[in-house]
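Here are my notes from going through the model you sent. Have it open beside you while you read.

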Amino acid sequence: MSLRLRLLSILPKLMLIGLRKFNDLLNEFPEAKTRSSILKLYDSAGNQVAFWLGFEGDRPVVREVDPKNPPYATTEISMHVDVFIKILKNKLDFRAAYLYDLIDIKSNDGLPVSYHMLLWSAYFDRLLEVLK
Amino acid sequence: MIPILVTSGKGGTGKTTIATNLAVNLAERGIKVSFMDADLMAPNAHMFIDVNKEKLREAGKMLLPLKVGEHLEFMGLGVFIPRGVGVALNYEKTTDFITTLLRFVKWSGDYLIIDAPPGAISINVKLMKELQGRARAVIVGEPHPFAIEDNLRMIDLLKFYDIDVRAVVLNKYNLFQDEIAKQVTGEYEKLGLKVVKIPWDPRLQSQTVPELFNELANVVIA
């Protein structure tokens, strides 16, 4: 696995911080607790890592999962690790990345992909607030 | 809720201006109005109204529209994307956004004004199929021969999908040669269509002027 992806061992903690920020966000997105997501990152060599993000009861949970055989989640999102890093550095807007076809989003719960995209963008907005 | 599609056979006719002013006119009458920007190629409708750029919210697996004063609410892609980002959505993404806007926004208005993309293109067919048999439409064009040809194609599509064409708006009517404008008006009227003339007014470049749209609003809600 590339060094870049290894560095992403900090990722679960980071994404969890974002989810904890969801305490405020749950007022705006009360359905969030019923949702889960697979976040899949890959590099140019074909390496992949994947994380399951969701809630167990009231507790936000992020755990690494097998990218080739991920568990069910209401939505799946995948992007190149460089895109992800640019988003976290606030050098690329999440919505812009989606419009540029740099992010692939799958919906598994019947809601439109763009609906999930808007929810994810709200998540990244909060995450960036934390990182500032 | 009655959807009102504001559309045109070609781009650059002032469709967004007409849709925005129609929405504001109705809202100022105390009518509850929802306003959806479905022109995903040029999502600019929010620029003309004072959209409260609050954070996106959700309730019951539906997105909540943004408030614009007491009687008007709004939702569109343009509010959420950073200024200047190229919006080049493919057909799949465009129709997906339209689905979100039509079915997964908790609209509460008596009327849903829809600023549609211009032209007899596939995305408009998607919109018309969604609204088949339950919507009204306003076609916007300038009074010149090209616009007539393009609008005739659009009118045909709207009729095919059983959408009630309430009016043809001849925008910037006073800027065109009187003789041609009269001829164009006559062509629409021969088809049994109501023609509403909106004059060019410099104030419309930067603000809504809802009082210019009383006749159109009356025709649309009659």
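1. In strand 5 of chain A, A:Ile103 is the bridge partner of A:Met79. Strand 4 (residues 75–80) and strand 5 of chain A run antiparallel, joined by five bridges. On terms: helices (H or I, at least four residues) and strands (E, at least two) are DSSP runs, numbered from the N terminus, and two strands pair if DSSP finds at least two bridges between them.

2. Before going on, the ground rules. This is a predicted model, in which local features need pLDDT of at least 70 and side-chain atom pairs count only at pLDDT 80 or more, while totals for chains, interfaces and linings use all residues. Residues are numbered from 1 along each chain as its sequence is written, and chains are lettered from A and ligands numbered from 1 in the order in which they are written.

3. The chain A sheet is open, with five strands in the order 3-2-1-4-5 and mixed pairing. Its edge strands, strand 3 (59–65) and strand 5 of chain A, each pair on one side only. On average, neighbouring strands are turned by 15 degrees against each other, direction ignored.

4. Which strands does helix 4 of chain A touch as it packs on the sheet? Strand 1 (37–42), strand 4 and strand 5 of chain A, with its direction at about 95 degrees to that of strand 4. Helix 6 of chain A also packs on the sheet, touching strand 4 and strand 5, and its direction makes about 120 degrees with that of strand 5. (Contact means C-beta atoms, placed from the backbone, within 7 Å; axes are lines fitted to C-alpha atoms, for helices over the stretch in contact, and angles run from 0 to 180 degrees between N-to-C directions.)

5. Now the chain contact: 16 residues come from chain A and 20 residues from chain B. On the chain B side, helix 2 (91–103) gives the most, with four residues.

6. Helix 6 (residues 113–131) of chain A packs against helix 2 of chain B at about 75 degrees, with axes 7 Å apart. That makes the two roughly perpendicular (65 to 115 degrees). A:Val113, A:Ser114 and A:Tyr115 meet B:Asp96, B:Phe97 and B:Thr100 here.

7. Check A:Asn90, please: it is not a glycine, yet has a positive phi of about 65 degrees. A:Asn90 is in the loop between helix 4 (81–88) and helix 5 (94–99) of chain A. It counts as exposed because it has 11 C-beta neighbours inside 10 Å (the cut-off for exposed is 12 or fewer).

Methods
Contact = placed C-beta atoms within 7 Å. Parallel < 35°, antiparallel > 145°, perpendicular 65-115°, else oblique. Buried ≥ 20, exposed ≤ 12 C-beta atoms within 10 Å, placed from the backbone.
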